Amino acid sequence: MPGKNSLVARLVLVITLSSALIFAVTLGYNYYQSRLILQNELENNARNLALSLVNRVETQLTGVAKVTEGLARSLEIGQPTEQQLHSLLKATVENNPEIYGSFIAFEPYAFSAQLRLYAPYYYRNKGEIAFSRLENSYIDYPYPYWDWYQIPRELGKLEWSEPYFDEGAGNILMSTCSVPFYQEINGQKQLRGVVGADVSLDALTELISSVKILRTGYTALLSRNGTILAHPLKNAIMNETFFSIAEARQNSFLRELGKKMIHGETGFVHYQSLVGFTSWLYYAPIRSNGWTLAVVFPEAELLENVRKLSMTMAAMGFIGILLLTAAVVSIARAIIKPLHLLAAATDEIASGNFDVALPAVHSHDEVGVLTRDFQAMQASLKEYIKNLTETTAAKERIQSELKVATHIQESLLPRLFPPFPNHPEFDIYASMVPAKEVGGDFYDFFFIDEKNLCFLIADVSDKGVPAALYMMVAKTLLKTEGQRLGEPEKIFFSVNNILAADNESCMFATVFCAILDITTGDVRFANAGHNPPLIIDSRGVRYLTPKPGLMLGAMADTVFVTERFTLEQEGALFLYTDGVTEAKNPEEALYGEERLLEALQTAPQGDLADMIHYIGSEVLHHANGAPQSDDITMLAIKMATPKPA
């Protein structure tokens with residue numbers, strides 16, 4: 001069984017997860033697009049269904065309105081008798097099945113001077129046409145105060161009343177279409193009364209409920225002020241408004257939706273229906289009376305087939321992924337088996353057994369090529385280890401020799417300070433930090449005679465062993481010729497000619513050489529292309545400006561010039577190589593002569609060792625961990641104040 005970190009396991013994991021991800025994205029996109037298409041189709045179908053129902057209700061209400069207006073106009077044109085009024089009302093109810101009842105309600109004393117109120121009313125009752133007098137049905141609350149009478153009377157036009165329960169007359173839930181009629185007296189229209197026709201809400205509810213919407217979908221009817229007229233919540237009919245339900249549920253969305261409905265807007269929204277399930281709602285106004293018809297489609301039923309299809313596709317995809325995984329495992333094991341054998345053999349090689357036999361190659365695929373490459377690598381590795389052993393031994397010998405050379409080089413430079421304890425007239429200190437194990441920089445100081453001290457600092461071109469060898473030759477020549485000739489320009493002239501002869505390697509050295517008269521402080525010096533030293537005295541810290549001179553070993557017969565100055569008591573001369581000023585930090589910025597000048601101004605002046613160590617630490621701080629690229633060599637000499645005897 002492959003481990004969780006094996007190639008087979010990772011290959012199976014990657015392919016399986018990738019396939020599952022691709023399938024999940026495809027299935028999700030398919031579900032999303034199917035839902036969008038279904039939603040668009042639903043909106044169109046809902047609009048058509050709602051408008052169809054609205055048209056059916058509008059047709060019925062418009063017919064009732066026209067009959068009512070016709071009845072009002074006939075009363076304005078003629079002066080029918082009481083018997084004719086009754087016949088007209090009864091015929092109106094009989095000939096218009098959508099009309100539940102019809103009445104003519106006269107203004108006080110408008111029908112007869114002996115009758116204050118008169119309102120005959122014919123209506124349907126158990127399949128028969130029944131008769132009632134409205135002025136007798138509403139004794140406690142006369143009909144002139146009812147909305148179906150007052151509103152059209154005041155507005156002077158046809159009006160539909162808000163639904164109400166007509167207790168005492170029709171005794172059902174109804175809405176009344178009312179039209180005022182007039183009589184012209186002395187050229188002026190005078191209101192005689194109101195003609196009305198009642199429509200049963202039960203009949204309207206039956207009309208809109210006859211449409212089947214999925215399994216649990218439904219239609220609803222709302223009045224102008226949001227009163228629920230038709231809805232599956234029977235206890236809410238005529239007892240609740242859309243807004244009271246919204247307030248009870250603290251649902252601002254329902255509140256805003258109700259406002260749009262009573263304002264006569266049309267819309268298609270996704271919401272939580274009043275009966276508690278997520279639905280799509282299409283609502284449209286009934287223009288005749290300002291009511292709103294709503295059609296509700298349960299979302300779960302709409303998406304049921306889409307979900308079934310998605311689940312079927314998911315099951316098929318899961319089975320497909322399982323089959324794909326099994327195939328990948330089988331193929332991967334067949335490929336990985338030779339690699340396992342090869343890995344076991346390479347483990348033996350890694351442990352040091354270079355003679356282990358690698359698996360036999362029977363194929364020409366990538367595994368076969370890899371096995372042949374390992375066979376070649378095994379042979380090359382054996383040869384490499386042999387050569388490496390020999391090279392390491394040789395390198396160790398060279399390292400040992402370099403260490404000896406380093407010790408020899410260090411022993412050639414003066415390291416004991418103070419070097420001349422019997423000469424309190426001056427103090428001198430120097431240090432060198434090579435960039436490699438052996439370096440090309442050097443310094444030296446020695447007496448020419450009893451009162452003249454020669455001191456110098458030099459920088460040999462190149463680094464490492466060649467520079468160290470050249471340095472030894474140059475140092476020996478400078479000391480030998482210095483003690484023989486005694487003047488800087490003569491020392492340089494002689495040493496330069498010796499070094500320039502047969503200089504096939506084209507190496508050279510920059511040197512600053514000076515001779516100090518320890519009794520007077522007079523300094524004679526010459527410069528062979530070296531960095532200018534710095535003087536530290538009562539005038540401050542400043543660079544000495546020697547005349548330029550050519551490097552030693554570059555060209556034979558070069559002439560050098562000796563210059564002079566006097567080093568005052570407690571005055572010091574600071575010499576250095578370019579390893580100080582050209583030290584770099586990680587950003588490749590040089591330490592520079594300006595930084596060196598500033599550092600010497602703040603460096604300790606009393607003790608030369610402290611001064612040189614301070615400059616060294618400043619250079620190291622500037623480098624900030626960057627590798628040292630050149631030897632760092634410094635030498636300082638100072639005239640001491642004579643001590644009283």
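## A walk through the predicted model

Start with R539, which sits in the loop between β18 (534-537) and β19 (540-543). What you have open is a predicted model, where local features need pLDDT of at least 70, side-chain atom pairs count only at pLDDT 80 or more, and totals for chains, interfaces and linings use all residues. Numbering runs from 1 along each chain as its sequence is written, and side-chain values use heavy atoms, with hydrogens and water left out. Strand and helix labels are DSSP runs numbered from the N terminus: E of at least two residues for strands, H or I of at least four for helices.

Is R539 buried or exposed? Its relative accessibility is 66%, so R539 counts as exposed. The cut-offs are under 20% relative accessible area for buried, over 50% for exposed, and partly exposed in between, with a 1.4 Å probe and protein chains only.

Next, jump to S34 in helix α1 (residues 7-77). S34 has a relative accessible area of 23%, so it is partly exposed. Select R307 as well: the pair is 273 residues apart along the chain, yet the C-alpha atoms are separated by 9.9 Å.

Move on to E135, in helix α3 (residues 134-137). With a relative accessible area of 13%, E135 is buried. Which side chain does the side chain of E135 join in a polar contact of 2.3 Å? That partner is R133. A polar contact here is a pair of N or O atoms within 3.5 Å; within protein, one must be able to donate a hydrogen and the other to accept it, and residues adjacent in sequence count only if both atoms are side-chain atoms. Show the backbone too, and you'll find the nitrogen of A119 at 2.9 Å from a polar atom of the E135 side chain. Setting aside neighbours within four places in sequence, E135 contacts L117, Y118, A119 and Y143, where contact means heavy atoms within 4.5 Å.

Now for N496, in helix α12 (residues 488-500). Its relative accessibility is 0%, so N496 counts as buried. A polar atom of the N496 side chain lies 2.6 Å from the backbone oxygen of M555. Among the residues that N496 touches, beyond four places away in sequence, are M551, L552, D557 and F560.

Keep α12 on screen and bring in helix α11 (residues 464-485): the two pack at an angle of about 140 degrees, with axes 9 Å apart. Axes are lines fitted to C-alpha atoms, for helices over the stretch in contact, and angles run from 0 to 180 degrees between N-to-C directions. That angle makes α11 oblique to α12. Under 35 degrees would be roughly parallel, over 145 roughly antiparallel and 65 to 115 roughly perpendicular, with the rest oblique. To see the contact, colour Y470, V473, L477 and L485, among others in α11, and I491, F492, V495 and L499, among others in α12. By class, this contact has 11 nonpolar, 2 polar and 3 charged residues. Ala, Val, Leu, Ile, Met, Phe, Trp, Tyr, Cys and Pro count as nonpolar, Asp, Glu, Lys and Arg as charged, and the others, Gly among them, as polar.

Last stop: helix α14 (residues 592-602) and helix α15 (residues 608-623), whose axes come within 10 Å and cross at roughly 135 degrees. α14 and α15 are therefore oblique to each other. Select R595, L596, A599, L600 and T602 in α14, which meet M611, Y614, I615, E618 and H622 in α15. Here the residues divide into 6 nonpolar, 2 polar and 2 charged.
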